[in-house]
Amino acid sequence: MNAYQELKDILEKETIPSKKEIFKRDEFLKLPETVNHNLYFILSGSVRVYFIDDNEEHILYFGYKKSLITAIDSFFSSKKSSLYIQAIKKTEVVTISKENLMSFLKSNPKYFDVYLNIMEELIQLRIEKEKILLMSSPVKRYKRLLQQMPELFQEIPHKYIASYLRMSPETLSRIKNLDFNQDLLA
């Protein structure tokens, strides 16, 4: 079991001060130039975390059912962040403040070990994303992401996945059709 899943299981079983919130489609959980002190456990729906540079959106990561999401830079530094967190569709979350989370994690050494393992996994995920995005071939980027995160394609609209992969929605559609047609010929 990975550390994320272990923390999710702990959060589902243990009592930690939190609140349930529902965000409508396109509603923001976090706006830029604000500090993010919350961790969101997504019960249903999906969100994207992104920033804007030269009027272009750059998606960093997604959250969907049973995932944990936050503006990582702000959550750890307690400084303002340029990141947006926006609901892609109606999304229900359990919001846990950093203060409550840290108190809870420090209450049991086992819980804090899980937290440290999550930090390690975050670094590994970041490296994997950089590898994917540095691949020059859009087809390779698509196939690597599909291999690494197949559930993403069920949870997130393809226009956002295309943006994440640094390609147009039309290019992603052509690649998916090419991949589908090759599967039919096999």
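# A tour from loop to core

Start by selecting Asn 55, which is placed in the loop between strand 4 and strand 5. Helices (H or I, at least four residues) and strands (E, at least two) are DSSP runs, numbered from the N terminus. The model is predicted, so local features need pLDDT of at least 70 and side-chain atom pairs count only at pLDDT 80 or more, while totals for chains, interfaces and linings use all residues. Residues are numbered from 1 along each chain as its sequence is written, and side-chain values use heavy atoms, with hydrogens and water left out.

Asn 55 has a phi near 60 degrees, a positive value in a residue other than glycine. Is Asn 55 buried or exposed? Asn 55 is exposed, with a relative accessible area of 79%. Buried means under 20% relative accessible area, exposed over 50%, and partly exposed in between (1.4 Å probe, protein chains only).

Next, select Arg 166, in the loop between helix 7 and helix 8. Phi of Arg 166 is also near 60 degrees, a positive value in a residue other than glycine. Arg 166 is partly exposed, at a relative accessible area of 48%.

Now select Ser 74 in helix 2 (residues 72-77). Ser 74 is buried, with a relative accessible area of 0%. Leaving aside neighbours within four places in sequence, Ser 74 is in contact (heavy atoms within 4.5 Å) with Thr 34, Val 35, Asn 36, Lys 79 and Ser 81.

**Rings**

How many aromatic pairs does a search of the whole structure find? The search finds seven. Rings of Phe, Tyr and Trp (its six-membered ring) pair if their centres lie within 6.5 Å; planes under 30 degrees apart count as stacked, over 60 as edge-to-face and the rest as tilted. Select Phe 104 and Tyr 111: their ring centres are 4.7 Å apart and their planes at 20 degrees, so this pair is stacked. Phe 104 is buried at 10% relative accessible area, and Tyr 111 is buried at 12%.

Then select Phe 112 and Tyr 115, whose ring centres are 5.4 Å apart with planes at 40 degrees, so the pair is tilted. Both lie in helix 4 (residues 109-134), three residues apart, about one turn of the helix. Phe 112 is partly exposed, at 26%, whereas Tyr 115 is buried, at 11%.

Phe 28, Tyr 50 and Tyr 84 form one aromatic cluster.

**Core**

A nonpolar core is a set of buried Ala, Val, Leu, Ile, Met, Phe, Trp, Tyr and Cys residues joined through side-chain atoms within 4.5 Å. The largest one has 20 residues, and those that touch the most other members are Phe 62, Leu 145, Leu 152, Ile 156, Ile 161, Leu 165 and Leu 172. Strand 5 (56-64), helix 5 (138-148), helix 6 (152-155), helix 7 (158-164) and helix 8 (169-185) each supply at least two residues of this core. Helix 7 gives the most, with four residues.

End on Leu 172, which touches Tyr 142, His 158, Ile 161, Ala 162, Leu 165 and Met 167, not counting residues up to four places away in sequence.
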